Every structure is written in structure tokens, then in C-alpha cells.
Amino acid sequence: MAKPDRRREFLRVRLNQEGALELFTNQSSGVLTSAVWADGLLDNPPGQAIARGDVVRFLPLWELIAR
């Protein structure tokens with residue numbers, strides 16, 4: 001996500017074995033497989049570009065469902 005967006009985005013991601021986040025390749029709203037694949041959401045504030053190694057806010061799906 002090298003190019004920042006003007007709006008807040010919640011991107012589908014999952015944790016890999018190293019504890020890093022992997023971004024689902026297609027973030028289109030109609031891609032239902034990304035919801036099954038993901039462990040959580042990356043909360044990307046408006047105007048913020050993300051580079052590999054950056055610290056980001058991760059929202060685990062199990063915490064969102066349990067509320």
C-alpha cells in the first residue's frame with residue numbers, strides 16, 4: 001500500500017508464522033474468499049501509506065465477532 005488513500009480503509013490480512021501480516025491480493029468489496037482467508041483487518045487511517053515493516057493497527061476477527 002505505497003499509495004495513500006483519502007479515506008480510512010480496513011484491509012483483509014492474516015498473520016503468518018513469523019507474526020507478520022499478509023495482505024490479501026484483491027481487496028475488492030465483492031471478493032468473499034478474502035473474508036474466509038483473513039485472520040483480521042488492518043486499520044489504515046486516511047492519507048497514510050504503508051511500507052513493509054511498518055507498525056500498523058491489527059483487528060483480529062475473533063475479537064470483532066465476540067463483541
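Begin by selecting D43, which is found in strand β3. The model is a predicted one. Is D43 buried or exposed? D43 counts as buried because its relative accessibility is 5%, under the 20% cut-off.

Next, display the residues in contact with D43. Leaving aside neighbours within four places in sequence, D43 is in contact with R8, E9, F10, R57 and L59.

How many salt bridges does the model contain? The count comes to three.

Select R8 together with D43. These residues form a salt bridge, with the closest N and O atoms 2.7 Å apart. The pair links distant parts of the chain, since R8 lies in the segment before β1 and D43 in strand β3, 35 residues apart. R8 counts as partly exposed, at 44% relative accessibility, whereas D43 is buried.

Now move to R14 and E22, whose side chains meet in a salt bridge of 3.5 Å, N to O. R14 is partly exposed, with a relative accessible area of 30%, and E22 is partly exposed at 30% relative accessibility. R14 also stands opposite E22 of β2 in the strand pairing.

Switch to a cartoon view and select the strands. In what order do the four strands lie in the sheet? They form an open sheet in the order β2-β1-β3-β4, with antiparallel pairing. β2 (21-23) and β4 stand at the edges, and each has a single partner strand, so one side of each is left without a neighbour in the sheet. From one strand to the next, the twist averages 45°.

The pairings may be inspected in turn:

- β1 and β2 pair in the antiparallel sense over three bridges.
- β1 and β3 pair in the antiparallel sense over five bridges; here V13 stands opposite G40 in β3.
- β3 and strand β4 (residues 57-60) pair in the antiparallel sense over four bridges; the bridge partner of L42 in β4 is F58.

Colour strand β3 (residues 40-44) by accessibility. This strand is mostly covered, with five of its five residues buried.

Finish at R7, in the segment before β1 (9-15). Why does R7 count as exposed? Its relative accessibility is 54%, and the category requires a value over 50%. Not counting residues up to four places away in sequence, R7 touches N44 and P46. Draw a distance from R7 to G47: these residues are 40 apart in sequence, and their C-alpha atoms are 7.1 Å apart in space.

Note on methods. Residues are numbered from 1 along each chain as its sequence is written. This is a predicted model: local features need pLDDT of at least 70, side-chain atom pairs count only at pLDDT 80 or more; totals for chains, interfaces and linings use all residues. Side-chain values use heavy atoms; hydrogens and water are left out. Helices (H or I, at least four residues) and strands (E, at least two) are DSSP runs, numbered from the N terminus. Buried means under 20% relative accessible area, exposed over 50%, partly exposed in between (1.4 Å probe, protein chains only). Contact means heavy atoms within 4.5 Å. Two strands pair if DSSP finds at least two bridges between them. Axes are lines fitted to C-alpha atoms, for helices over the stretch in contact, and angles run from 0 to 180 degrees between N-to-C directions. A salt bridge is a side-chain nitrogen of Lys or Arg within 4 Å of a carboxyl oxygen of Asp or Glu.
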